[in-house]
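Here is a short briefing on one structure. Please look over the sequence and the model before reading on.

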Amino acid sequence: NAFNADSDTYFVQVTPYTGVDARAAGYEGPFPASQLLQDDILAGNVPDITVTAHLADTLGDKGLWIDLAPYLESDPELSKEDFVPGIIDSCYQNGALPFVVPYFYVMPVLGKVSLVGESPGWTIEQFLDLCEAHPHSQLLFRLGPQWLLQELVGTPGSPFVDRAARKASFDTPEYRRLLELLAKAPYEPLDMGPTVGGVPTLPDPQPYMAGDRTLLYIDSAGGMAGVWSVNEYRHILQEDFCYKGLPTRDGRPGIYAAPGLELGITANCKHPDGAWQLIRQFLLPAFQEKLNSLYFPSHLDTLHRRIQNCATYEPGLDSGDEPEYIGISAGLYDAAHTSPSGSRFSDAQENEAVYAAFKQGLSQQEMDKLYQMFLDIYGLMDYDTTICDIVQEEADEFFGGVRTAEEAAAITQDRVQTYLDEQS
């Protein structure tokens with residue numbers, strides 16, 4: 001509406017694709033609206049601009065979008081260097097920029113410094129050494145071995161699959177070690193908290209993370225809930241922690257982001273210059289500074305200011321929204337909430353004490369570490385479901401005692417490499 005009001009040349013008309021509409025049309029799965037839009041595009045019903053969150057990774061290299069790189073490079077107020085490197089770099093496909101991501105969310109993997117050290121990032125060998133040194137520890141809070149296997153083969157920095165180089169590396173000692181580890185790794189189902197609105201709340205993760213009961217914590221319930229999640233991590237881990245990330249093939253931190261929005265201009269757009277004038281509004285600080293706290297701006301200066309604003313606690317100060325949700329992934333609620341029936345804590349006084357701990361400002365060291373975590377983002381989450389399915393099928397054969405680890409690794413190598421070769 002604001003764009004239309006200010007423009008005397010171009011007019012934007014929005015066509016919504018909702019999950020309700022998509023399911024009514026027979027679409028299922030986690031992202032039915034994206035599937036409906038994808039089918040419409042392939043059928044020739046192509047809009048000028050697409051606004052999606054789960055589509056560009058499947059269609060971005062199929063020539064349906066124009067290259068936005070020339071527009072970004074010639075923009076008087078924006079450049080590639082203005083954005084989080086791991087975000088903007090992941091938007092490029094085959095040298096072109098089919099879409100941009102104005103904001104994102106992230107699910108960091110953390111570990112206690114006493115267990116994983118102070119330096120972010122590690123190789124699969126270092127990860128396996130830690131796990132084997134703690135055979136009685138569960139690997140991740142809340143998430144089981146199957147989830148970990150999918151992440152280690154499906155994410156862009158996978159130690160076992162380099163999709164850009166079309167190379168699989170499963171028939172290796174490290175993958176066989178991983179299978180053996182996952183087969184015997186302890187896993188604790190959670191003792192869920194009270195039901196609120198029909199949904200059970202998560203228990204306090206702190207007891208699960210005591211000592212070496214669990215090696216790694218991942219903020220998996222909706223992602224990092226704003227900058228103030230640092231206070232939550234401090235409460236959960238009870239000591240200095242490191243944004244370690246998942247292991248990767250090059251040892252960089254395996255920290256991955258999911259797009260909150262993907263914006264692209266389709267090849268049939270008759271007025272791409274006008275379309276860019278709309279898209280660039282989402283990339284400028286004036287818009288980025290107004291994002292709610294559950295998303296992080298891709299614009300580096302805006303992101304840095306948001307973090308630096310947290311030296312003292314003021315709800316909503318890190319963004320343009322109302323009081324911050326300060327502990328979503330731990331089952332906590334916003335600081336204004338005091339009803340024991342809506343909290344995992346039955347005692348209101350204890351509730352108040354916990355909230356007080358969460359309403360601390362961040363130290364400069366904490367803010368610096370957090371900003372570095374964003375700079376360390378490896379890329380956007382982008383799973384090849386065919387590879388994940390192959391790996392899971394063959395791993396299940398090993399877990400079920402049908403094959404040895406050596407046999408499962410060799411067959412997985414052959415199947416995945418054949419698939420990668422077919423994609424060339």
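Is Asn-94 buried or exposed? Asn-94 counts as exposed, at 73% relative accessibility. Here buried means under 20% relative accessible area, exposed over 50%, and partly exposed in between (1.4 Å probe, protein chains only).

This is a predicted model: local features need pLDDT of at least 70, side-chain atom pairs count only at pLDDT 80 or more, and totals for chains, interfaces and linings use all residues. Residues are numbered from 1 along each chain as its sequence is written, and side-chain values use heavy atoms, with hydrogens and water left out.

**Positive phi**
- Most residues other than glycine have a negative phi.
- Asn-94 is not a glycine, yet its phi is positive, near 55°. Asn-94 sits in the loop between helix H6 (85-91) and strand E2 (103-106). Helices (H or I, at least four residues) and strands (E, at least two) are DSSP runs, numbered from the N terminus.
- Arg-142, also no glycine, has a positive phi of about 75°. The loop between E4 and H9 holds Arg-142. Arg-142 is partly exposed, at 28% relative accessible area.

**Helix H8**
- In H8 (residues 124-133), the buried residues are Ile-124, Phe-127, Leu-128, Leu-130 and Cys-131.
- These residues lie on the same side of H8, because they cover an arc of only 160° around the axis. The arc is that of the directions from the helix axis to the C-beta atoms.
- The buried residues of H8 pack against helix H7 (113-116), strand E4 (138-140), helix H9 (145-154), helix H10 (173-184) and strand E9 (214-218). Contact means heavy atoms within 4.5 Å.

**Gln-126**
- Gln-126 belongs to helix H8. Gln-126 is partly exposed, with a relative accessible area of 44%.
- Gln-126 and Gly-251 are 125 residues apart along the chain, with their C-alpha atoms separated by 9.2 Å.
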